[in-house]
Amino acid sequence: MYNTFKHILLIIIVGFIQSKCLYATHNRAGEITVRQISEYSVIATVTTYTKEAGTSADRDSITLDWGDGLSSRIHRNNGFGVSIGNNVKKNTYELEHSYPGRGRYTIGFFDPNRIENILNIDYPNSINIPFYVQTTFTLLNSNFQGFNNTVILLQAPIDIACVNNVFIHNPGAYDIDGDSLAFEFGIPAFDKDMPVPNYVLPTQINPGTNNKISLNKKTGTLIWESPQKAGEYNITILIFEYRSGKLISTTVRDMQILVLPDCQQNLPPNIFTIEDTCIIAGTLLEIPISISDPNISGPGSRFKIEFSGSALYTNPKGNHNFPQVFVTGVQKGLFSWNTNCDLISPNPYEITIKATDNFLDSFGLSALKIIRIKIIGPPPLNPAITRLDTANLITWSNPYSCEQTNLFKGFSIWKRIANTPIILDSCNTMLPSTIYKKIAYLVNTKLDTNYYFTDQDVNESNCYRIQAEFAKTSSAGFPYNFVSSLASEEVCIDDKNDKPLIRNVDVLRTDQSNGQIMIRWIKPIAEEFDSLINKPPYKINLYRVENNSNKLIFNNEYPYFNITWDSIFIDSFISTTNNQYFYKIEFLSNYISSRTSKTASSIFLSSSQISIGNKLSWNEQVPWLNTKYEIYRSKNNSSFQLLDQTNVNSYIDQDTELSNYYCYYIKSFGSYQSKFNNQILINNSEISCHEYIDTIPPCCITLSPPNLCNEGSIDSIQSISFKMNLNENLCFYNELQSIFIYGLDQHSDTILLQEYIPRPDLIAKIDINIYRYHSFFIKVKDKENNICLDVNIVIPLTCPSFELPNAFTPNGDTHNDIFKPRKNQYIKELDFQVFNRWGSLVFETKNPEILWNGNDSQGNKLESGVYYYHCTAIPFNAITSANIQLKGFIEIIDSRK
């Protein structure tokens, strides 16, 4: 492919250098940013950095491709451009455009020339390489997802490095919507999706162990350690923008780095300050900064300090007290930012501090320091818990300090589910899901001086934290880009323990009619029970809860509190095979007052056969917290053995064999996690059994798209390999008996190609007419004649290929007289157009072989010279492949009339 580009460059030299006065050296760097202003309208801004000398290449207007089939001529909106020093001028072009509907669009800008002598772009021919940048963005449904604005790049894409010195750069990407950003290296382009020829990373110019370059995917910071050859380099940085985990925009920045020769007599300035930090919204941030230059006198001893970054584009914005002119010595100052709640964001803000010396009079070597500042919502204050009869009332202070911002949406309530010790990170607002569970979201209920939430599902001991939730809001009122505040202090409460507690619901016997469950309980804790108020006699009623009614199955009366009470009962003659049982205990004092325990159930286990083994699932409703389950198994009525353990309520036993009888039960381990009741509680489920027989269809192994590519000549009948994929975690090779391979022809008729007897490689070779079939699928039969029911239809890989030469000589000598493709595979139709230097169409055809003799469409012989072509090649099987788009230059050589 790159050889083709070399020929294109030769043609460009012929076609464009002939008009040297029109196309002088020009583009250095640039990008396109997009701002959405209504449902279907945007404002696009093209920013270019050009060579200041040579006005013949100056662009007072450019053409912008909007990506929807339309293009516009845009005039420069910053006068004649703004000089930024070092022979660099910044140009901006801005225009509004309306799209026909929501979707993803690519805006592109093309210019005929880059500057000359870029070392890593087909050196020394970069002057003839067109400059192209693009931005791909998505018009979202603004009612639900909000507007989409691409990143703003606050640091200019022109920078200076020095041989054998570390170079650091950051584009200063800022997203006003608070979307997440990621960064990658790209390749500079000379047209849409067309990389420049012979591009290499800067580190491949005089490569070596000291020549390394990296780009931080999260921050966008580029570090080059260390340039080895002086000159000009171009690189491309891709900035990806994500919202709710989905890619919504990609901005291409083409930037230039000028590497100076030996700088032993000059060193860049030094910047001393803090690393990344966070701050609670509403507080004043002050960051001390010290900047100096190691060169005491001479060129490069003076330096200028510049601040940029998203923190300078907010309201309120950050400020600094450093001078704006070239200075010497040690400069000390502060960056200060009086933050507020409107600045709360899921992503950090950035401050970029750049100190540039005067080694080149007004320009020179730079030092760069990026500080990422995360602004976090303050924690809700004064959380408290009040125990109600059957619930917990959680309260916290009203008003909340950030409730007035439009970002505030409400509060989330988190409940501790594990006793694991935890120290929260003051800059990380996420609570670990293994320790806390969110039980309520966007709570806004308040009364007087408190917000409140009532937790109806309480245990004997409960701990809570509260977080405030913030988000942007779409035009229809839907939130997006959520972020949480710091969590409140943890508040905990133990039950009063003045009622009986159920401790066990343990299945002792599994039987259809003679099953047994042991219920164990304890009476109220003596330290918590007031026997003066709650007078004897005392009575316990044990109920089995059935169909929302209570069936009394045990009771007893006790004359005094400080005597031994019954604490165990075995519920017998029940069907533990088919039913789950629920129990609760009622406590009466003096026949009047009553306290009732929470309901506790047995563990009920279900086992079923699936294609890869036995699937177990179980559930229980208990007032304590179960943290571990042991799975026991019996095979063919042998004794039960421990099979495995888990902390979730399901398990798949894959170690199974056909025609064997398997039984299982579950043993749970839990506790109330209360200071009075923290003993380990162990309970068993009923036993669930079944025979493992093969009545289930085999797993539906997948078919890889067959490769119909042929690097040589194209024959309609080819031997094609069909590769089938066996997921060894889900499927078993020895279960398969036959695989039927089918093809769907162009009329969608189903044709059996082969019945394949599985072999270990799972590859079948079949001679077929490759032009007959547009897709394929397989069916699988196992040794029990069960057939897989799912069908995955795959579209073959046709690998269409289409390449064009860049010159031909239609002079009648029978050598290279006809322009035709160098490679033409699986191409059904062509849209090929040729234009002269004035943009007039001179030739077109739809013949995939082209067979152009150098005449125009009227049969007139064309002059020798350079012509531009645009070509769309449509693959033979349009279902399988996207169209091939080609653009470039063709030279007609030695043409004679």
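**Touring the disulfides**

Begin by selecting Cys-278 and Cys-427, which are joined by a disulfide with an S to S distance of 1.9 Å; keep in mind throughout that this is a predicted model. The torsion about their S-S bond is about -80°, so this disulfide is left-handed. If you trace the chain from one partner to the other, you will find that the pair links distant parts of it, 149 residues apart, with Cys-278 in strand β21 (residues 277-280) and Cys-427 in the loop between β30 (408-416) and β31 (436-443).

Next, select Cys-341 and Cys-402, whose sulfur atoms lie 1.8 Å apart in a disulfide. This link of Cys-341 and Cys-402 is left-handed, with -70° about the S-S bond, and it connects the loop between β25 (331-338) and β26 (349-357), where Cys-341 sits, to the loop between β29 (392-397) and β30, where Cys-402 sits, 61 residues apart. Cys-341 is buried at a relative accessible area of 13%, and Cys-402 is buried at 1%.

Then move to Cys-463 and Cys-492, a disulfide with 2.0 Å from S to S. Here the torsion about the S-S bond is about 115°, so the disulfide is right-handed. Cys-463 belongs to strand β34 (residues 461-473) and Cys-492 to strand β36 (residues 491-494), 29 residues apart. Cys-463 is buried, with a relative accessible area of 11%, whereas Cys-492 is partly exposed, with 45%.

To finish, select Cys-871, which counts as buried at 0% relative accessibility. The structure holds four disulfides.

Terms used
Residues are numbered from 1 along each chain as its sequence is written. This is a predicted model: local features need pLDDT of at least 70, side-chain atom pairs count only at pLDDT 80 or more; totals for chains, interfaces and linings use all residues. Side-chain values use heavy atoms; hydrogens and water are left out. A disulfide is a pair of cysteine sulfur atoms within 2.5 Å. Helices (H or I, at least four residues) and strands (E, at least two) are DSSP runs, numbered from the N terminus. Buried means under 20% relative accessible area, exposed over 50%, partly exposed in between (1.4 Å probe, protein chains only).
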